[in-house]
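Subject: Structure handover

Dear colleague,

Here is the structure I said I would pass on. My notes follow below it.

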Amino acid sequence: MATVTSTETQKLPISVQADPQPTEEKPVEAKPKIRRQIDEESDNPVPATYPHYLPVWDHGVKYPPFELYEHIDKGKGADPSFKDLLTEGSKLQHLTPTTGSEVTGVQLSKLSDAGKDQLALLVAQRKVVAFRNQDLADLPLTEPVALGSHFGRLHIHPTSPTPEGHPELLIVHRNVNTSEFDFFLANRNSGVGWHSDVSFEKQPPATTFLYALDVPGVGGDTAFVNQVEAYNRLSPAFKERLHGLKALHSGIEQVEFSRKRGGIVKREGVTSEHPIVRTHPATGEKALFVNKGFTRRIVGFKDEESEALLNFLYDHIGRGIDYQARVKWAPGTVVIWDNRVTSHSAIVDWTTGERRHLARITPQGEVPFETPYVPESK
Ligand SMILES: [Fe+2]
C-alpha cells in the first residue's frame, strides 16, 4: 500500500491518501490515536535507511493559530561574493541560465552564520540550489532543525506527519508500484501539481530545505519554476495591471480533506490575501505569487474574471520550461528553494515500488509585500 504524505495529498486518489481511518465518530474523550509507519513496514522488502525519520501521525497533537512574527531576511545584506559559502574546493554549476544550480564541495552543516546568510542570498538569486553529498540526514534530528531555524521561525504543517518529537520536520514518504501508478493517473493525464508550499499562511515559507533519505534510482525528481522570470516575460501593460491586485489563498480545503479521511489536523485551516506580484526583500525582484494548489480567487474580481486571469497565469507558469529547472535526487542531496519566488511539483513517474522518503524544514518568511510597478526603460 502506498503511503502518501505532504501537501501533495490534496490531489491524490482516495485509496492512496495517508492515514485512512473509518472511525471519525469516536467520542471526544477517546484516547488520541497514533499511527506509526514503522509498524507497517513488515511487508516492505527494503528497510528504510533512516527509520527514525519514518512518519508518525499523532491525532492528539494540536497547535494554536500562528501569530505574526518579525521576519528578518538573512539574505538581505549578505555578501554577494559568497566567500563564506562557496569556499575553496567548492563548485557551483548552473542548471539553466536563469533557474537552478548545483553545488558540490560545501557541507551545509558546517557553515558559519555568514555562510548561512550567503546561502539565503544565493538561493534567492538562483531560486533553487541542490547541494550534493551532505551529512544532514546522518546527524541528530536536532541539527537540521537548528540549521533551518537560522532562516526564520519554523513552520509546523497543519496536516502532515512528522518524526516523533520533531514537529518542525515534515516528512514526504511514498512507494509507487505499477498498479498504484495506474490508479494515480486513472482520472488525469499528468500528476504535475504546481504549488508554493503553504502559501495560505500569513507568512508563507521563505528559504525552504528538503533533504533526501531514500530516493528511487530513477524518477521522483522535483520540478521548479522561476516566478520572477515568469513575471519578467509579461508585457509592461499586463504587469502594470497585475500590480495592486490581491489573491485569496486557502488552506481550509486541505484541512477538511484530511479531517474527512480521518487524517490528522494539528491546526485549523486559514486563508490569507496576498499581492499577486510580491517583491523579494533581499533581491528586490518582483515575482508572480499565485499557485493552483492554494490560490482561490482574485480579490474584487467577479468569478469569470478571476478564473480567466488565474488560469492564464497558471498556464503561463506551468508551460514555461524555459524558466523551469528539474532536480534529480540522490542520497545525500539537500535541495533548497526560495518558496516566495518559485512553485514546484513532485514528479510521480516511477513504478518500481522504491521508497521516496524526504524531510522538509520550512522557515517562514515575511508577510508578502509589493512595491510599485516601475515602467521599463526603452
Ligand atoms: Fe511542496
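Which residue in β13 is the bridge partner of His249? The partner is Thr295. Helices (H or I, at least four residues) and strands (E, at least two) are DSSP runs, numbered from the N terminus.

This is a predicted model, in which local features need pLDDT of at least 70 and side-chain atom pairs count only at pLDDT 80 or more, while totals for chains, interfaces and linings use all residues. Residues are numbered from 1 along each chain as its sequence is written.

Confidence

The chain averages a pLDDT (the predictor's confidence in each residue, from 0 to 100) of 92, and 92% of the residues score at least 70. Residues 1-28 have a pLDDT below 50, and this stretch makes 62 contacts in the model beyond near neighbours in sequence. Two residues are in contact if their C-beta atoms, placed from the backbone, lie within 7 Å. Where pLDDT is low, the predicted coordinates should not be read in detail.

Sheet

Three strands form an open sheet in the order β10-β9-β13, with antiparallel pairing (two strands pair if DSSP finds at least two bridges between them). β10 (271-275) and β13 (295-298) are at the edges with a single partner strand each, so one side of each has no neighbour in the sheet. Strand β9 (residues 246-250) is joined to β13 by three bridges.

Helix α6

Gln254, Val255 and Ser258 are buried in helix α6 (residues 252-260). A residue is buried if 20 or more other C-beta atoms lie within 10 Å of its own, exposed if 12 or fewer, and partly exposed in between, with C-beta atoms placed from the backbone. Down the axis of α6, the buried residues fall within an arc of 95° (taken over the directions from the helix axis to the C-beta atoms), so they line one face of the helix. Just after α6, Gly262 has a positive phi of about 75°.

Glu229

Glu229 lies in helix α4 (residues 227-232). Glu229 counts as buried because it has 23 C-beta neighbours inside 10 Å. Not counting residues up to four places away in sequence, Glu229 touches Thr98, Thr99 and Tyr323.

Regards
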